[in-house]
Amino acid sequence: MSGDTADPQLQPRRQGLSRRRRRRLSQGVQYAVFAAVVIVFAVTADWGRLKNQFAQWNIAKQMFPDVITLALKNTVLYTLSGFVFGLVLGMVVALMRLSSVGPYRWLAGIYIEIFRGLPALLIFIFVGVAVPLAFPGTEIIGGTYGKVALALGLVSAAYMAETIRAGIQAVPKGQLEAARSLGFSQARAMVSIIVPQAFRIILPPLTNELVLLFKDSSLVLFLGVTLEERELSKYGRDLASTTANSTPILVAGLCYLLVTIPLSFVVRRMETKTGEAVR
């Protein structure tokens, strides 16, 4: 038999890298580039000036315990008040969005589009300036805490409403039909059967929204706060101006991470468990 008709399996393999080796080579190049960038940054950065400006231990020590007992406490209270109000309002808007009554759906849709499209800063300015002008002599219940709850709640409710709506629609329709066949009314079946199952699905994104609200609480300064009502960002900026040093800002940032990193870890764990439950 001539060489032209030889078995193809006996011919030498085509030269070149396999897909796995190309992938490993690509990863190796990316790691090398990353390491080079880190080395260049570490060598060229002026660590002495950075330490003098951001890592003065004597200034950081003066911030305690007020940075925890005052600034962090207010930040947590502002976040929780805005989250609770936003969750309640978001639930109402989500049900309106799913309603069979046309005007309810239209109003919910308009609210969601407006408050998802506006920056949170404008909402804070609106609550702090427009509301007192529109209703002179009227005080929002809770003072600054009430204003923050209203501002953060209006922003977060638009996002939560869509999240809740998606969660409700993710519950199998057979659940509602089974509840109705057992004599449940539409409202009772929704409250007792559908909504609890929906919240199991949307718990990770709601927790993620809590993380975002925790950071957005820094906008409270646009409402005008007293020294006792300052949150982390305002507290850090005031001390940075007083000491002519940025160490307070770094400490405030670390306090944010003290809350957001554990919450982010919880979100990832819940997403993993939700994914395993779906599979």
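# Salt bridges, patches and burial in a predicted model

Mentor: The structure holds five salt bridges. This is a predicted model, in which local features need pLDDT of at least 70 and side-chain atom pairs count only at pLDDT 80 or more, while totals for chains, interfaces and linings use all residues. Residues are numbered from 1 along each chain as its sequence is written, and side-chain values use heavy atoms, with hydrogens and water left out.

Trainee: What makes arginine 97 and glutamate 162 a salt bridge?

Mentor: A salt bridge requires a side-chain nitrogen of Lys or Arg within 4 Å of a carboxyl oxygen of Asp or Glu. The side chains of arginine 97 and glutamate 162 meet at 3.7 Å, N to O, so the pair qualifies under that cut-off.

Trainee: Which parts does this pair tie together?

Mentor: Arginine 97 lies in helix 4 (residues 66–97) and glutamate 162 in helix 7 (residues 144–170), so the bridge links parts that are 65 residues apart in sequence. Helices here are DSSP runs of H or I with at least four residues, numbered from the N terminus.

Trainee: Why is glutamate 162 called buried?

Mentor: Buried means under 20% relative accessible area, exposed means over 50%, and partly exposed is in between (1.4 Å probe, protein chains only). Glutamate 162 has 14%, so it is buried. Arginine 97 has 28% and therefore counts as partly exposed.

Trainee: Where do glutamate 113 and arginine 116 lie?

Mentor: Both glutamate 113 and arginine 116 lie in helix 5, three residues apart, about one turn of the helix. Their side chains meet in a salt bridge at 3.6 Å, N to O. Glutamate 113 is partly exposed at 49%, and arginine 116 is partly exposed at 33%.

Trainee: What makes Ile110 part of a nonpolar patch?

Mentor: Patches are made of residues with over 30% relative accessible area and no salt bridge; like charges are joined within 9 Å, and nonpolar side chains (Val, Leu, Ile, Met, Phe, Trp, Tyr) within 5 Å. Isoleucine 110 has 49% relative accessibility and so counts as partly exposed. Its patch also includes Ile114, Leu118 and Phe222, and the members together have about 780 Å² of accessible area, computed by the Shrake-Rupley method.

Trainee: Which helix gives the most to the nonpolar patch?

Mentor: Helix 6 does, with five residues. Helix 5 (102–117) and helix 6 (120–134) each supply at least two.

Trainee: Which residues form the positive surface patch?

Mentor: Arg19, Arg20, Arg21, Arg22, Arg23 and Arg24 form it. Lys and Arg count as positive, Asp and Glu as negative, and His and the chain ends are not counted. The place of an Arg charge is taken as CZ. Arginine 23 is in helix 1 (residues 19–44) and is partly exposed because its relative accessibility is 46%.

Trainee: How do you know that threonine 207 is buried?

Mentor: Its relative accessible area is 12%, so threonine 207 is buried. Threonine 207 lies in helix 9 (residues 186–216). A polar atom of its side chain lies 2.9 Å from the backbone oxygen of leucine 203.

Technical notes:
Areas by Shrake-Rupley, 256 points an atom, 1.4 Å probe, with all protein chains shown as cover. Polar contact = N/O pair within 3.5 Å; in protein donor to acceptor, adjacent residues only side chain to side chain.
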